[in-house]
Amino acid sequence: MIDPRLVADDPDRVKDHLSRRQQPDLHPIVDEIVDLSTRRAALLTEQSELRNQRNVLSKQIGELYKQGLRDEAEGLKATVQQGNERISSIEAELAQVVSTRDDLLLQLPNLLDDDVPTGASEADNQILRVWGEPPRFDFAPQSHVEIGARLGILDFEASAKLTGARFAVLRAQAARLERALINFFLDVATQEHGYTEVMTPYIVHRRILEGTGQLPKFEGDLFKLHGELNGSDAFLIPTAEVPVTNLHRDEILEEEALPLQYAAFTPCFRAEAGSAGRDVRGMIRQHQFHKVELVWITTPEHSAQAHQTLLGHAETLLQRLALPYRVSLLCSGDISFAAQRCYDLEVWLPSQNAYREISSVSCFGEFQAQRMALRYRPDQEANRKAKPRPAHTLNGSGLAVGRTLVALLENGQRADGSVELPEVLGPYMGGELVLRPPSA
RNA sequence: GGAGGUGUGGCCGAGUGGUCGAAGGCAGUGGUCUUGAAAACCACCGACCGAAAGGUCCGAGGGUUCGAAUCCCUCCGCCUCCGCCA
């Protein structure tokens, strides 16, 4: 979340960012937070004074008893009891004020980075560069659905039997290709780009999702477990970002330990609420898909550079796979709730004659760190205590596995119905780099 | 699922309802000593809120009390045994 102090001190700046995000309707929330912060400060001061009085008097009572001065002690007790009543009412109001303020704070999206272009929609995103050439076909290119059916490796009828729409069954070479991509992505990340691989739970508690910003606003996008798990509401993760970024919540990391770089393969579960009718066919938009996610935890001084590095890591993967893609910088109206700056990598899909998102590389600044109490202690000069500061977090897909598989099938398709895969996957596919129909 | 135990500062580990934010040890930091290092010795050494005074934090949340790390309740984590299971 945004630093509560910043909201209180410079509400106009916050409102300006909300306007850029096309959300001026949130302005009243800012004003409310300012009021609540003022009230909170007053209550805190009064509470602190009363507690001090209680502590002082309680000590006196103890001593009076030791000296056998019971009557004097009883008199003080009455005073303390009176104070306690006032403390109780202050505490009640304080709890109310703080929880209301925090609820509101959690609803505010992140501040935007200066270089985020102002715009209303996807159409205003800035295309930064285009890599590779969309392949030319001397036949009408088919979609991965047709290709997969002809090869007998994508089976949407089977998945429909199991769980209905927006699921897929992968067979034979498709299943192997999915697994190959996972391993390829993880190997590059861990062996070349310095990431530590982690495997995490795929079910997390509510507060974990609040930490990364999916909750409280987007509960409808998530699959929620029925009933509680270990004492809390629990959800299927929509991305590895959630468990991985939260790995160090409630910690204070030493600056010299930063940056932390994690790579995680997980399935991702998304309800896809509100996307009815969009991309219903095929593997583009699924309730369950696989993704390798790259996560950074670093300092405010290094996060901008880290963002570029991370972007480069994701791009490397597309380049090795020889998939044509472009990079865009999301505008203020299209960028997600928690992000401060975000690049999308979009891969070329011949069947759609369009670039489609395959990776989203975001810098969150301290937004997530504030929410999850993820801090670091800056390197300090001798004898000078350095206060802990919120760390900066980043993440990027590296890459979405299902969509990569789709892109490979569609870009690698040939007139005879076979598909040619890039060289780099050789070791992962047992050297079989051409997928052929069963009869061929 | 059944039974029992346990949860204190970076780590280990004392702790009685009252002056405990918490003994002691280790680690760490600064210093004395030394040519240097080690050893020894001395000092410092948690976090949060606050301009400050001061306040809060002994797994979490409630309760009892003038006062709770210490008593009571609920929850969570960890450990051991049994059962079940990949």
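How many Å separate the centres of domain 1 and domain 2, taken over C-alpha atoms? The answer is 43 Å. This is a predicted model, in which local features need pLDDT of at least 70, side-chain atom pairs count only at pLDDT 80 or more, and totals for chains, interfaces and linings use all residues. Residues are numbered from 1 along each chain as its sequence is written, chains are lettered from A, and side-chain values use heavy atoms, without hydrogens or water.

**View 1. Domain 1 meets domain 2 in chain A.** An automatic or database assignment sets the bounds: 4–105 for domain 1 and 122–435 for domain 2. Four residues of domain 1 are in contact (heavy atoms within 4.5 Å) with seven of domain 2. About 460 Å² is buried between them, 36% of it from carbon and sulfur atoms; this is the accessible area (1.4 Å probe) that two parts lose on being put together, summed over both.

**View 2. Here is the largest nonpolar core, with 54 residues.** Such a core joins buried Ala, Val, Leu, Ile, Met, Phe, Trp, Tyr and Cys residues through side-chain atoms within 4.5 Å. Leu-181, Phe-185 and Leu-425 have the most contacts inside this core. Phe-185 touches Val-292, Leu-317, Leu-321, Gly-398, Leu-399, Val-401 and Thr-404, leaving aside residues up to four places away in sequence.

**View 3. Cys-268 is in no disulfide.** A disulfide needs two cysteine sulfur atoms within 2.5 Å, whereas the nearest cysteine sulfur to Cys-268, that of Cys-342, is 16 Å away. Cys-268 counts as buried because its relative accessibility is 0%, the cut-offs being under 20% for buried, over 50% for exposed, and partly exposed in between (1.4 Å probe, protein chains only).
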